[in-house]
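Reader: I would like to learn how to read a structure of several chains, feature by feature. Could you take me through it slowly?

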Amino acid sequence: MKLFKIAAAAATGLAMLAGTAQADDKPVVGLIMKSLANEFFQNMLVGAQAHEEKRGDYELIAVGMQNETDFESQINAVENFITQGVDAIVVAPADSRAMVRPLKKAMEAGIVVVNFDVALDAEAKKQQKIELAFVGPDNRGGAKLAGDALGKKLGEGAKVVIIEGNPGADNANERRLGFEASVAEYKLDLLDSRTAHWETEEANTVFSNMLTAHPDIQGVMAANDSMAIGVVKALESAGRDDIVVVGFDNIPAVGPMIQDGRMHATVDQFGTDMAANSIDLALEVVGGADQLKGWVKTPIKLVTAN
Amino acid sequence: MAAASHSAAPAPEQSAAFLSVEGLKKHFGGVRALDGVSFSLEKGEIHALVGENGAGKSTLIKILSGVFPFDAGRILLAGESYQPANPHEAKEIGVQVVHQEFNLLDHLSIAENISIEKMPRTRFGLLDKQEMNRRAREALDAIGLTDIDVKAPVSSLGIAHRQLVEISRALQFKSRILILDEPTATLTERETKRLFDIVASIKADGVTVVFVSHHLEEVFAICDRVTVFRNGKTIATDQIVDTTPEGVVQKMVGRDLAASSRNEEAPRSPGNIALRVESLCTAANPKDRGVSFDLRYGEIVGIAGLVGSGRTEILRGLFGVDPIRSGQIFQDTRDVRFSGPRDAIAAGIGFVTEDRKDEGLILDMPIAANISLANMQAISRSGLLQFSAENRRSRERGSKLKLKYGKLSDPVASLSGGNQQKVVLAKWLARNPKVLLLDEPTRGVDVGAKAEIYTILKELARQGVALLVVSSEMPELITLADRILVLAEHEIQGELQRPEFSEENILKLAYGQTAMAGEQNQ
Amino acid sequence: MTTQTMTEPVQKTSRFSVRSVLQNAGIGLALLALILFFSVFTEHFLTPNNITNILTQITINLVLAVGMTFVILIGGIDLSVGSVMAFAAVVAGKAITLPGFGPAEAIALAIVAATLTGVACGMFNGVVSAYWSLPSFIITLGMLNIARGAALHVSDAQTIYSFPYAFEEFGSAMVYGIPVVFLVALFLVFVAWFVLNFTVFGRLLYGIGNNEEAVRLAGHSVFWYKVAAFTICGLTAGIAAIVYMARLNISSPIAGIGFELNAIAAVIIGGTSLAGGRGSVIGTLLGAFIIGVLANGLILIGLSDFMRQMITGIVIIIAVVLDYYRAKYAAK
């Protein structure tokens, strides 16, 4: 990670030089986000805007979506950016396959494309014959961090359940796979695994019912913190304080819960900085650096009471 | 004991029964809709079915056209058992029905409506519009509607023409039996005459026509035989030449109808002017002159005219339903302007609308609830319903109007047409109105109830209520009214006093010089 | 020969007849069958804890469905309740976390904020659709977006948290194992039942659903009655927001997505006609129970999420088809 930070800092310096050289002609970066109704992306957007203000040497155009599955508006946004002639497109794809073709068009138009948050599908990239690096956290690795924390705490053979995100969403899949990897490694007993569509109230309902069916649950892995909150409330209503809960995202609302032990751990993937870091990388390439390659992993961190 | 004079008199050509119905029974839950129906049709005759509403005619028609199965009895068509499983099958066999309610799709063209049951297709399976329009043209020409564009949407037609389109749709198929269910209910006299010409030519082609009507004069004008229904049973079948309208009515009601004559009653003496209307033009009235007339307390003023001459619009304007473009209304010499029905009702006006199903009644709701609909204050205290008060008042109203019902909590839809109309009247009488506007007060009402409604209205006038009655039935106006205003083209063509009353005089004014234009817009 | 009063056969039902009793009994029987099924095939279904869970879980849907019943009875529909609930929750969440108030004042403020927000949105729906006689389907679809956007805007898409402890207490309080929030919903059902059956207002709502023109020509202000029905629906969305907050102790701007469809399903399964004019809030109560019992029981039985979704859909369709036949036979 250090290397990454140094690279970013260097890029910043370079770009600032470039900025002074052509004050009137700042590079334009198009940022395509997922649903801004999701506070994770909302925070990321705020981070990107602060970043634009701080650097002052580029112009940011940010676009969000109506909801998680509205990838058509992302495709439209790419096409609009091509027409506007932006210098770089930084994109968090809503669908790992649907976005490949429009992004190829952008690359052919000479636009620097940086893919962050969710990786484009390798198979689809191969089909379209493009090379495109991915900048982002390892959702699977992050989930495994949380799952491992749970496994360590409960020990071998502990009975656990998973609360999944939207079925079909890439990050939901990755996180589930990460949790399942922990289950395998710590030889946990996975009793049930269900979706609550990222949502607190549904997680509350679904988990209450799981708890009725399996009163001997010892641990819960929730694919995001909103759902973890619903789980914690269900435990409070059921009067159970012996069940260990881990989440993902580290949203502010779970801070107190981690502190007082109602939640054991969550994972921070520094979402606020993720878009800004990707923009830095994109500007670096615009400024003449080499194309990015492979997977540029962004930092993730396990958050616990200590 | 009812006279069961099943006359087997010889029919015009053949005497063998073409269709025979024997001992037909049909139950709906505990209600016996048909309780032993027997009659026969002969080939090429026009056979009338008459009876009060609820006597079983509609149920019989629905059985014949395959809508309902029957419980007991049998039907033979040309010697074979006839038991259609659905309307489609009945049509295939050649039994066509023109229903009382319209079955047309408003937004489709006339041609599309006529071909809706069997759309012509091209070789490629696409809709063959040319053929469709050709068929429609043929069907309309056959009944003399040569001036109507088959591509026009049905919604552009008036109610009478829609009925004719419906008839032409039924006629385009080769039918063996054509059933006309109250075909003249919405037609003016002239259109009725045209329909009769068509029926006569159908008969000449050897088709058997079943004619259901409340209008005995029509029955006597075109039918060969008549079968009378009462309480789900057939009472008698007679040759028209052997019977009289009075005789048929007697069989229908099972008693002597107190002759509702206009001559016996004491003349009414109208009081002060209740409403004065000056140059009233509603938004629907294209002319600028408007209508002007007076309505006095204790008198019944009739409004005659063809369908579409602007009769209903006057009532709707007076009641504040339709906006008024120009002109003035004075009530008790005060200049009034009602911004909605609420104002009109507060000023003591009631409005019995033309269409009780769409505007007058809430069919699925109880009788009592319908009676109190316009008078909720009387049956509630600070917004809470007082059910005992409601039931008491409804019972009183009902017995005054000789309303026949099972329970006050039954839905109004369970009543016959005449009793439904009495509920509408009861709703307005509950407010003790000073002025009562009535639009076609006896449409679809059987003979017995009709006479009772006339008695009620006359009694109201005697009590000093001012009544304004719109009707397409000239005998009705002649029976009821003290004066008749005749309307054409949204203008009053003339006013008739009692001595001048006659259908001829009314028609002369109604058609008048604007006859041709009147027909086109109807 | 006897002279009897002949009546034409009727195929429509009325809420005052024996048929309406049959109708509710029919849904009740379906619910009973579900309960029996799950009791036999799962171990924990009929345990006190699970019953408490079910009651908690149906509360929000029941509250929304009570308001929805009013709107559907007049022949309308309200697609915005889920979004309006989220908006009300976020506004109330902002209010309850305002600095400088004691817990009691903060809670009172939140309750007022949530109900006012709901009422305002509902009234908007009603006024716009009734004044211009526009289909409520499309107006409330607009409100669905307005309220969701407003919720996200007001909250900056952040989950609002850390409410007073007393509020949380209320959300999880029990009386003899029955959640207090459910009792609140039950009270709403009772009030709605009373209003619909024993007041002039309720009588006229049924009337408007059956035949708006007849009610208008009888001198009643149809406009205001329609506005009132939508306003009641908005009010229940506000109340649902309070229940949501008390139960989960957060306000999420993405709460309630799709709740409108569950509420509509509860009303329709409960035998209220989508065309208006026919139905009862008791049916709605049973409809909400059917949906809740099904969601709970299918998880206990261990069915996968996807199968569960399919079965829920199938049951909704079966319920409505059965209702069709029940109504048909009741009419005979």
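Predicted model: local features only at pLDDT ≥ 70, side-chain atom pairs only at ≥ 80, totals over all residues.

Reader: How many disulfides does the structure hold over all chains?

Author: The general idea is that a disulfide needs two cysteine sulfur atoms within 2.5 Å, and over all chains the structure holds 0 of them. Cys233(C) is in no disulfide, and the nearest cysteine sulfur, which belongs to Cys121(C), is 11 Å away. In chain B, Cys281(B) has 0% relative accessibility, so Cys281(B) is buried too by the cut-off of 20%.

Reader: Which pairs of chains touch, and where are the most contacts?

Author: There are 2 pairs of chains that touch, and the most contacts are between chains B and C. Chain A and chain B, by contrast, are joined by no contact, and their closest C-alpha atoms lie 35 Å apart.

Reader: How many residues does the contact take from chain A and from chain C, and what area is buried between them?

Author: Chain A gives 29 residues to this contact and chain C gives 33 residues. The area buried between the two is about 2,600 Å², with carbon and sulfur atoms giving 52% of it.

Reader: How many salt bridges does the rule find across the interface of chain A and chain C?

Author: A salt bridge pairs a side-chain nitrogen of Lys or Arg with a carboxyl oxygen of Asp or Glu within 4 Å, and across the interface of chain A and chain C the rule finds 3. In one salt bridge, the side chains of Asp305(C) and Arg194(A) meet at 3.1 Å, N to O. The count of residue pairs in polar contact between chain A and chain C, both residues at pLDDT 80 or more, is 16.

Reader: Which elements of chain A supply at least two residues each of the side that touches chain C?

Author: They are α2 (39–55), β7 (189–195), α8 (200–213) and α9 (225–238) of chain A. The largest share of that side comes from α8(A), with 10 residues. Sorted by class, the side of chain A that touches chain C has 12 nonpolar, 11 polar and 6 charged residues.

Reader: Why does Lys187(A) count as exposed, and why does His197(A) count as partly exposed?

Author: Exposed means over 50%, and partly exposed is the range between that value and 20%. Lys187(A) counts as exposed because its relative accessibility is 52%, whereas His197(A) counts as partly exposed because its value is 35%.

Reader: Which residues does Tyr225(C) touch, not counting residues up to four places away in sequence?

Author: Tyr225(C), in helix α9 (residues 222–248) of chain C, touches Phe201(C), Leu204(C), Leu205(C), Ile208(C) and His220(C) on that count. At 18% relative accessibility, Tyr225(C) counts as buried.

Terms used. Residues numbered from 1 in each chain as written. Chains lettered and ligands numbered in written order. Heavy atoms only, no water. Buried < 20%, exposed > 50% of the residue type's maximum accessible area, 1.4 Å probe, protein only. Contact = heavy atoms within 4.5 Å. Buried area = accessible area lost by both parts, 1.4 Å probe. Polar contact = N/O pair within 3.5 Å; in protein donor to acceptor, adjacent residues only side chain to side chain. Helix = DSSP H or I, 4+ residues; strand = E, 2+ residues; numbered from the N terminus. Nonpolar A, V, L, I, M, F, W, Y, C, P; charged D, E, K, R; others polar.
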